[in-house]
Amino acid sequence: MAESTVSRSVSGAGSAAGRSDSPGVALGPIALVLGLFSAVGAWVPAFVLVSLPWTVIAGGLAVALGSMGVHHARRGIGRLWVAVGGTALGVVGFAGTAALLWAVGG
(Lines give C-alpha, C1' and ligand atoms only; values in the text may rest on other atoms or scores of the structure.)
Protein backbone atom coordinates (compact mmCIF):
# COMPACT_ATOMS: atom_id res chain seq x y z
CA MET A 1 0.00 0.00 0.00
CA ALA A 2 1.14 3.47 -0.75
CA GLU A 3 1.42 5.98 2.02
CA SER A 4 -0.74 9.09 1.76
CA THR A 5 0.98 12.42 1.62
CA VAL A 6 -0.31 15.74 2.81
CA SER A 7 0.04 18.49 0.27
CA ARG A 8 0.81 22.05 1.30
CA SER A 9 -1.38 24.93 0.26
CA VAL A 10 0.37 26.86 -2.48
CA SER A 11 -0.68 30.29 -3.72
CA GLY A 12 -0.66 31.28 -7.38
CA ALA A 13 2.87 32.67 -7.22
CA GLY A 14 4.29 29.33 -6.18
CA SER A 15 5.11 30.19 -2.57
CA ALA A 16 3.54 28.43 0.37
CA ALA A 17 0.75 30.27 2.21
CA GLY A 18 2.06 31.64 5.49
CA ARG A 19 0.51 32.45 8.84
CA SER A 20 0.01 36.07 7.79
CA ASP A 21 -2.62 34.88 5.30
CA SER A 22 -4.93 33.73 8.09
CA PRO A 23 -8.18 35.59 8.83
CA GLY A 24 -7.08 35.59 12.48
CA VAL A 25 -4.67 38.41 11.63
CA ALA A 26 -7.61 40.78 11.00
CA LEU A 27 -9.37 40.18 14.32
CA GLY A 28 -7.13 42.48 16.37
CA PRO A 29 -7.27 45.54 14.09
CA ILE A 30 -11.03 45.20 13.60
CA ALA A 31 -11.50 44.98 17.37
CA LEU A 32 -9.27 48.03 17.84
CA VAL A 33 -11.32 50.15 15.41
CA LEU A 34 -14.65 49.01 16.87
CA GLY A 35 -13.39 49.51 20.42
CA LEU A 36 -12.14 53.00 19.60
CA PHE A 37 -15.52 53.89 18.09
CA SER A 38 -17.31 52.47 21.11
CA ALA A 39 -15.12 54.29 23.65
CA VAL A 40 -15.33 57.63 21.84
CA GLY A 41 -19.08 57.26 21.33
CA ALA A 42 -19.65 56.47 25.00
CA TRP A 43 -17.35 59.02 26.64
CA VAL A 44 -17.51 62.10 24.36
CA PRO A 45 -20.69 64.03 25.24
CA ALA A 46 -21.20 65.40 21.73
CA PHE A 47 -21.41 61.87 20.27
CA VAL A 48 -23.45 60.12 22.96
CA LEU A 49 -26.94 60.89 21.66
CA VAL A 50 -25.99 60.42 18.01
CA SER A 51 -24.17 57.13 18.29
CA LEU A 52 -25.68 55.43 21.36
CA PRO A 53 -27.05 52.27 19.68
CA TRP A 54 -23.91 51.86 17.59
CA THR A 55 -21.60 52.14 20.59
CA VAL A 56 -23.32 49.24 22.33
CA ILE A 57 -23.05 47.04 19.24
CA ALA A 58 -19.46 48.12 18.51
CA GLY A 59 -18.41 47.52 22.13
CA GLY A 60 -19.82 44.01 22.22
CA LEU A 61 -18.28 43.13 18.87
CA ALA A 62 -14.93 44.59 19.92
CA VAL A 63 -14.89 42.41 23.04
CA ALA A 64 -15.85 39.27 21.11
CA LEU A 65 -13.49 39.81 18.16
CA GLY A 66 -10.69 41.07 20.41
CA SER A 67 -10.84 38.01 22.63
CA MET A 68 -10.65 35.78 19.56
CA GLY A 69 -7.76 37.94 18.33
CA VAL A 70 -5.97 37.34 21.65
CA HIS A 71 -6.57 33.61 21.26
CA HIS A 72 -5.06 33.58 17.76
CA ALA A 73 -2.20 35.92 18.73
CA ARG A 74 -1.16 33.59 21.55
CA ARG A 75 -0.86 30.87 18.91
CA GLY A 76 1.38 33.07 16.76
CA ILE A 77 -1.15 34.53 14.32
CA GLY A 78 -1.56 38.31 14.56
CA ARG A 79 -0.43 40.93 17.04
CA LEU A 80 -1.24 40.51 20.72
CA TRP A 81 -1.10 44.18 21.72
CA VAL A 82 -3.61 45.19 19.03
CA ALA A 83 -6.09 42.53 20.11
CA VAL A 84 -5.70 43.38 23.81
CA GLY A 85 -6.11 47.10 23.05
CA GLY A 86 -9.27 46.47 21.03
CA THR A 87 -10.71 44.28 23.76
CA ALA A 88 -9.92 46.85 26.46
CA LEU A 89 -11.43 49.72 24.46
CA GLY A 90 -14.51 47.61 23.77
CA VAL A 91 -14.95 46.91 27.48
CA VAL A 92 -14.52 50.61 28.31
CA GLY A 93 -17.03 51.67 25.67
CA PHE A 94 -19.57 48.98 26.49
CA ALA A 95 -19.30 49.59 30.25
CA GLY A 96 -19.58 53.36 29.77
CA THR A 97 -22.72 53.01 27.68
CA ALA A 98 -24.22 50.51 30.12
CA ALA A 99 -23.45 52.82 33.07
CA LEU A 100 -25.02 55.76 31.22
CA LEU A 101 -28.17 53.79 30.44
CA TRP A 102 -28.34 52.47 34.00
CA ALA A 103 -27.99 55.99 35.45
CA VAL A 104 -30.66 57.45 33.17
CA GLY A 105 -33.02 54.50 33.51
CA GLY A 106 -33.08 54.79 37.30
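Modeller: A helix here is a DSSP run of H or I with at least four residues, numbered from the N terminus. Thr 97 lies in one of these, helix H3. Keep in mind that this is a predicted model.

Colleague: How many helices and strands does the protein have, and in what order do the elements run?

Modeller: The protein has 3 helices and 0 strands. Reading from the N terminus, that gives α-α-α.

Colleague: What makes you call Thr 97 buried?

Modeller: Buried means under 20% relative accessible area. Thr 97 has 1%, so it is buried. Leaving out residues up to four places away in sequence, Thr 97 touches Ala 42, Leu 52, Thr 55 and Val 56. As for Val 48, it is 49 residues from Thr 97 in sequence, but the two C-alpha atoms are 8.6 Å apart in space.

Colleague: And Thr 87, why is that called buried?

Modeller: Thr 87 has a relative accessible area of 19%, and the limit is under 20%, so the word applies. Thr 87 also has its place in helix H3. Its contacts, again without residues up to four places away, are Ala 62, Val 63, Gly 66, Ser 67 and Val 70.

Colleague: Ala 62 is on that list. Where does Ala 62 lie, and is it buried or exposed?

Modeller: Ala 62 lies in helix H2. With a relative accessible area of 0%, Ala 62 falls under the 20% limit and therefore counts as buried. Setting aside neighbours within four places in sequence, Ala 62 is in contact with Ala 31, Leu 34, Gly 35, Gly 86, Thr 87 and Gly 90. Leu 32 is 30 residues away from Ala 62 in sequence, with 6.9 Å between their C-alpha atoms.

Colleague: Which residues of H3 are buried, and what covers them?

Modeller: They are Val 82, Ala 83, Gly 86, Thr 87, Gly 90, Gly 93, Gly 96 and Thr 97. The cover includes helix H1 (27–43) and H2. An α-helix has 3.6 residues a turn, so residues three or four places apart point the same way.

Colleague: How do H2 and H3 pack?

Modeller: Two packed helices are described by the angle between their axes and the distance between the axes. For helix H2 (residues 45–74) and helix H3 (residues 80–105), the angle is about 145° and the axes are 7 Å apart. The crossing of H2 and H3 is left-handed. Residues in that contact divide into 14 nonpolar, 10 polar and 1 charged.

Colleague: And for the whole protein, how much counts as buried, and how much area is exposed?

Modeller: Of its 106 residues, 25% count as buried. The protein exposes about 7,200 Å², with carbon and sulfur atoms supplying 71% of that. Among contacts between residues at least 6 apart in sequence, 67% join residues at least 24 apart.

Methods. Residues numbered from 1 in each chain as written. Predicted model: local features only at pLDDT ≥ 70, side-chain atom pairs only at ≥ 80, totals over all residues. Heavy atoms only, no water. Axes fitted to C-alpha atoms, helices over the stretch in contact; angles between N-to-C directions. Helix = DSSP H or I, 4+ residues; strand = E, 2+ residues; numbered from the N terminus. Left-handed = near helix turned anticlockwise from the far one by under 90°. Nonpolar A, V, L, I, M, F, W, Y, C, P; charged D, E, K, R; others polar. Buried < 20%, exposed > 50% of the residue type's maximum accessible area, 1.4 Å probe, protein only. Contact = heavy atoms within 4.5 Å. Areas by Shrake-Rupley, 256 points an atom, 1.4 Å probe, with all protein chains shown as cover.
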